[in-house]
Amino acid sequence: MRLTRYLSVSLVRMALTATFILAFIAQILDLVDNAGDILDQGDGLYGILRYVVLRMPTLLTRSLPLGALVGATLVLLLLARNSEIVAMRSAGRSTSQLFLSMLPGALALVLFQSTLIDVVAPHTEARLAILLTQRIDRQADEASKNPKATWLRIGDAVVSFDRVSERGRRLRSVRIYDRDQNKIVTARTTAAEARYRNGRWTLKDAERVLWTRENFNERTPADGVWETSLTPDDVLSSLTPESRVSLAAARAVLAGEMTPNAPLPFYQTLIERVYAGPLGVIVMVLLAMPAALVNWRDARTGRRGVLAMTAGLIFLLSDGLLTTLALTGVVSPAIGAWSALVVFAIYGAYRIFRIDGGWPSRATRAQPVKRLAEAKN
């Protein structure tokens, strides 16, 4: 029990330290690109600090898998340097038992990662979307031009708007294109403004133009209630389509309760990744276990640590590539979200099995073949 607590605490401490270092480096690089725009908003140091706080959860989410790999490798290297692994093996501890002793710490990191992915990051990225909208509006006013329009598909209709304010509750320069079952546009509604109050949208200075054969180009006033499933949260999500979506929001989209801003495979993959993504931390710890063979008196064993880091980086690359293919609908969501995780988990378990069973040299493997040849003679 003491060994499990010692290894788990060491893993969590090293992994979180490496994660925060990686996240702070990424934050500095991000501020190099965005600090000028933040300062232009007139908030000064407060604006930069607010941006850092809202941006940090997303960076931590991206840095934690690599931080877990680095942290686990460092823990094993320090144990080897202090001859603690030798003592553990003398006491009958195998590499698989060493991994199981570190597993509680890995599970704590999984819980931390899950909280970031499904709770913290979606909230902070929505707040960042508001700041982004304010910056775009200010820049557009200074340049005396309209910002780039945002387009959404809501059922069979297509909606666009130029500006957003009041946390997604006010839209300006709204255009609504109604389509029939054959995806042919039958009418267009333009409005200077749309406001969300008491659970519904109201159009102001609106006009509707019919494009049907019976009433082609007929214009009528359209001020009043706009019947739509669009919500202010949908508006904020559309401003940052690459941002994270919570599990509840993705399920609501698939159930038809929220407006999708992307193809349905995108949300199906996100649901799978909410479960599969955090488990990558355990795979990282598993892939780091060959570092337990490092002997500081033998430089040749350093390749074990390099092997651990290389396997982890390949896993990150493969997992990211397959997830991207699933998000775009090239492969099924389940394959894109889980295949790299399963394959590298099997590979990591195989490496531990080989470590515990020994690493036979080429001469040792060739010896039975030679004896068999001699027996035939």
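Arginine 195 forms a salt bridge with glutamate 193, with closest N and O atoms 2.8 Å apart; a salt bridge here is a side-chain nitrogen of Lys or Arg within 4 Å of a carboxyl oxygen of Asp or Glu. The model is predicted: local features need pLDDT of at least 70, side-chain atom pairs count only at pLDDT 80 or more, and totals for chains, interfaces and linings use all residues. Residues are numbered from 1 along each chain as its sequence is written, and side-chain values use heavy atoms, leaving out hydrogens and water.

By this rule there are seven salt bridges, among them the following.

| Pair | N to O distance |
|---|---|
| Arginine 195, glutamate 193 | 2.8 Å |
| Arginine 170, glutamate 193 | 2.8 Å |
| Glutamate 207, arginine 219 | 3.2 Å |

Glutamate 207 lies in strand E6 (residues 200–210) and arginine 219 in strand E7 (residues 218–221), so this pair ties together parts 12 residues apart in sequence. Strands (E, at least two residues) and helices (H or I, at least four) are DSSP runs, numbered from the N terminus. Arg170, Glu193 and Arg195 are linked in a network of salt bridges. Glutamate 193 counts as buried at 10% relative accessibility, whereas arginine 170 is partly exposed at 22%. Buried means under 20% relative accessible area, exposed over 50%, and partly exposed in between (1.4 Å probe, protein chains only).

Turning to the helices, the buried residues of H8 include Arg304, Phe315 and Asp319. The buried residues of H8 pack against H2, helix H7 (264–288) and helix H9 (333–357), where contact means heavy atoms within 4.5 Å. Just after H8, glycine 329 takes a positive phi of about 85°.
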